[in-house]
Amino acid sequence: MYSEKTTDRPSWDEYFIKLAWLVAERSTCVRHHVGAVIAKDKRILTTGYNGAASGVKDCLCLGCLRNALNIPSGQRHEICRAIHAEQNAIIQGGYHGINISGSVLYCTHSPCILCAKMIVNAGIKRIVMSTAYPDTSFEELFLEAGVEFFTLQPNNFSITHVP
């Protein structure tokens with residue numbers, strides 16, 4: 001009979017944060033590769049990565065306007081062509097008719113204030129992030145709205161069981 005040691009398995013939070021890092025590999029941003037996974041009841045509902053709107057040229061093609069203008073990370077979000085990973089994951093829920101209320105959002109980076117507002121209004125109840133983003137204004141909003149948040153840095157991003 002097959003027996004697997006449970007201590008070798010990642011926790012559900014580690015599992016989903018690792019998946020967010022994998023999703024980030026699809027990013028078309030030249031500055032930050034950000035990925036997000038929205039899950040509920042241990043099931044993936046949607047994913048998102050940062051990149052230009054569907055059907056339009058992205059920064060890989062056109063270059064980064066924020067870099068050209070020397071805009072620091074965490075400022076002047078409206079100048080960027082990209083839609084943030086969290087926004088794309090939320091939008092995918094609406095586009096495909098998936099109820100994300102009461103879910104958990106796993107993201108490679110902490111959210112900007114714009115994403116934080118969307119997260120609150122989407123009914124997401126918990127955020128697990130892996131890397132700090134320069135904008136920390138989300139913290140006060142999440143505390144007031146009752147959205148739980150914490151940082152998780154998995155010890156091992158490698159795939160440990162490959163046939």
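**Labels and what they rest on**

Tutor: Among contacts in the protein between residues at least 6 apart in sequence, 56% join residues at least 24 apart. Keep in mind that this is a predicted model.

Student: What pattern does the protein follow along the sequence, and how many helices and strands are there?

Tutor: The protein has 6 helices and 7 strands. Read along the sequence, they give α-β-β-β-α-α-β-α-β-α-β-α-β. Of its 163 residues, 40% count as buried.

Student: Why is S110 called buried?

Tutor: The cut-off for buried is under 20% relative accessible area. S110 has 6% relative accessibility, so S110 counts as buried. The residue sits in the loop between β5 and α5.

Student: Which residues is S110 in contact with, leaving aside its neighbours within four places in sequence?

Tutor: With that exclusion, S110 is in contact with E86, M129, T131, A132, Y133, D135 and F138. Contact here requires heavy atoms within 4.5 Å.

Student: What puts the buried residues of α5 on the same side of the helix?

Tutor: In α5, residues 113-121, the buried residues are C115, A116 and I119. They cover an arc of only 105° around the axis, and therefore lie on the same side of α5. In general, an α-helix has 3.6 residues a turn, so residues three or four places apart point the same way.

Student: Which elements do the buried residues of α5 pack against, and what follows the helix?

Tutor: They pack against α4, β5 (104-109), β6 (126-131) and α6 (138-145). After α5 comes G123, whose phi is positive, near 80°.

Student: What makes a set of residues a nonpolar core?

Tutor: The members must be buried, belong to the listed nonpolar types, and be joined through side-chain atoms within 4.5 Å. The largest such core has 18 residues, of which I38, I90, L105, I119, I124, I127 and F142 touch the most other members. At least two residues each come from β1 (35-40), α4, β5, α5, β6 and α6. The largest share, 3 residues, is supplied by α4. Apart from this core lies another, of 10 residues, including I17, A39, Y106 and V128.

Student: What is I127 in contact with, leaving aside its neighbours within four places in sequence?

Tutor: On that basis, I127 is in contact with L105, I119, F142, V147, E148, F149 and F150.

Student: Why is one space called a cavity and another a pocket?

Tutor: The largest cavity has a volume of about 230 Å³. Its lining has 18 residues, of which H32, V34, N50, H84 and Y133 lie nearest its centre. By class, that lining has 8 nonpolar, 7 polar and 3 charged residues.

Student: What volume and lining does the second largest pocket have?

Tutor: The second largest pocket has a volume of about 300 Å³. It is lined by 14 residues, with Y49, A52, S54, N88 and Q92 nearest its centre. The elements giving two or more residues to that lining are β2 (43-49), β3 (51-52) and α4 (85-95). By class, the lining of the second largest pocket has 6 nonpolar, 7 polar and 1 charged residues.

Note on methods
Residues are numbered from 1 along each chain as its sequence is written. This is a predicted model: local features need pLDDT of at least 70, side-chain atom pairs count only at pLDDT 80 or more; totals for chains, interfaces and linings use all residues. Side-chain values use heavy atoms; hydrogens and water are left out. On a 1 Å grid over the protein atoms alone, a cavity is a set of points where a 1.4 Å probe fits but cannot get out, and a pocket is an open set with protein on both sides within 12 Å along at least five of seven lines; lining residues have an atom within 4 Å of a point. Grid points are joined across faces, edges and corners, and a volume is the space filled by probe spheres set on the points. Helices (H or I, at least four residues) and strands (E, at least two) are DSSP runs, numbered from the N terminus. Ala, Val, Leu, Ile, Met, Phe, Trp, Tyr, Cys and Pro count as nonpolar, Asp, Glu, Lys and Arg as charged, and the others, Gly among them, as polar. Buried means under 20% relative accessible area, exposed over 50%, partly exposed in between (1.4 Å probe, protein chains only). The arc is that of the directions from the helix axis to the C-beta atoms.
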